[in-house]
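Please keep the viewer open as you read.

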Amino acid sequence: MQFWTVDTIKSHALADHAQGEEISPGVVVERRTILRLGLSIAGLAAFGGFGLSGCASGSRRDEMGESGQLHPAATADEFVAAIMPQARALIAAPAPDEEAYLAAVTALLARVEAPPVWQAFPAGQGWTMDNIAYYPPIVLMQIKMAPRSVIHLHDHRHYNGVLLATAGAARCRNFDIVQPDGKRLNIAQGDVPAKGEDFLIRQNADTVLRPRQLSTLTRDRDNIHHVEAGDEGATLVDFFTHFSPKARSYELAWDGKPYDQAKGLFKVAWKDA
Ligand SMILES: [Fe+2]
């Protein structure tokens, strides 16, 4: 298993909870539907007095400040409820401002208490992920990476995201698709080079994420990444906003060697798109 579709996320979210269970105040799992009554009230209570606009940092890959510690911690569900109106407005906007949205998300995410670790490091050399919260269009996951494990090169088609380290360390490299000669792809709309074609990506960032440090990506900025855990492994929180039910990741094949070192270019092809 590598990357989840929306259907996979949905089934995992429901599998985690029994019918009739109240997963947060006013949020009850009923059959195959999660009722969200009361979710916004919970969110407003947790973040009351701290408007979203005042929280926006505007920074792209900053270490989180200490300001989050001055405010009460919020649960993951409260965080989701607080950001939900902006998430819905974002995906409905004719020209979504993903950077402003992600700035608001990262400021609020700083105040979310670290979710409990649901298991020890994955067996062997791998990594695992699990749902923390799934309220479309928002997905919050936790990723556990064994020491030196790798999440292979992949994109985030039809969604943006924030990757936050909560324990250990992970090297995160981000890339953009280089527009092919003579074409202008609308990458944010999922218009990407075809399967079977070689194409180039440019590395924009190469950062080691440690606890409270994060990396953001939009649908057409830094959308492809490669994540490698350090010697002590890594625990990460992944926050996604889906623009479409088609949102999912696709893995890329590459040899990891620069095609043009000076320009930071690598030759790749889709594995399964
Ligand atoms: Fe990813």
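Predicted model: local features only at pLDDT ≥ 70, side-chain atom pairs only at ≥ 80, totals over all residues.

Two strands are said to pair if DSSP finds at least two bridges between them. Helices (H or I, at least four residues) and strands (E, at least two) are themselves DSSP runs, numbered from the N terminus. With that in hand, look at strand 6 (residues 150-154) and strand 10, which run antiparallel and are joined by 3 bridges.

Residues are numbered from 1 along each chain as its sequence is written. Here pLDDT is the predictor's confidence in each residue, from 0 to 100. The protein chain has a mean pLDDT of 79, and 71% of its residues reach 70 or more. Over residues 48-70 the pLDDT is below 50, and this stretch has 29 contacts in the model beyond near neighbours in sequence; two residues are in contact if their C-beta atoms, placed from the backbone, lie within 7 Å. Residues 30-45 also have a pLDDT that stays under 50, with 31 contacts in the model beyond four places in sequence.

As for the overall make-up, the secondary structure of the protein chain comes to 5 helices and 12 strands. Of the contacts with a separation of 6 or more, 75% are between residues 24 or more positions apart. Buried residues make up 38% of the 273 residues in the chain. A residue counts as buried if 20 or more other C-beta atoms lie within 10 Å of its own, as exposed if 12 or fewer do, and as partly exposed in between, with C-beta atoms placed from the backbone.

Now back to strand 10. Strand 10 is largely enclosed by the rest of the structure, because 14 of its 19 residues are buried.

Elsewhere, strand 12 (residues 265-270) pairs with strand 8 (residues 199-209) in the antiparallel sense over 4 bridges, with Leu265 as the bridge partner of Arg202. Strand 12 also pairs antiparallel with strand 11 (residues 252-253), over 2 bridges, and Ala253 stands opposite Ala269.

Next, turn to helix 4.

Phe79 leads us into the core. A nonpolar core is a set of buried Ala, Val, Leu, Ile, Met, Phe, Trp, Tyr and Cys residues joined through C-beta atoms within 7 Å. The largest one has 48 residues, of which Phe79, Leu140 and Ala170 touch the most other members. Helix 4, helix 5 (98-109), strand 4, strand 5 (138-145), strand 7 (159-177) and strand 10 (224-242) each supply at least two residues of this core. Apart from it lies another core, of 9 residues, among them Phe175 and Val192.

Val112, in the loop between helix 5 and strand 4, touches Ala74, Ala76 and Phe79, not counting residues up to four places away in sequence. It counts as buried because 25 C-beta neighbours lie inside 10 Å.

Finally, some backbone details. Most residues other than glycine have a negative phi, and most peptide bonds are trans. A cis peptide bond, with omega about 10°, joins Pro136 and Pro137. Arg212 has a positive phi of about 80°, and Asp222 has one of about 60°.
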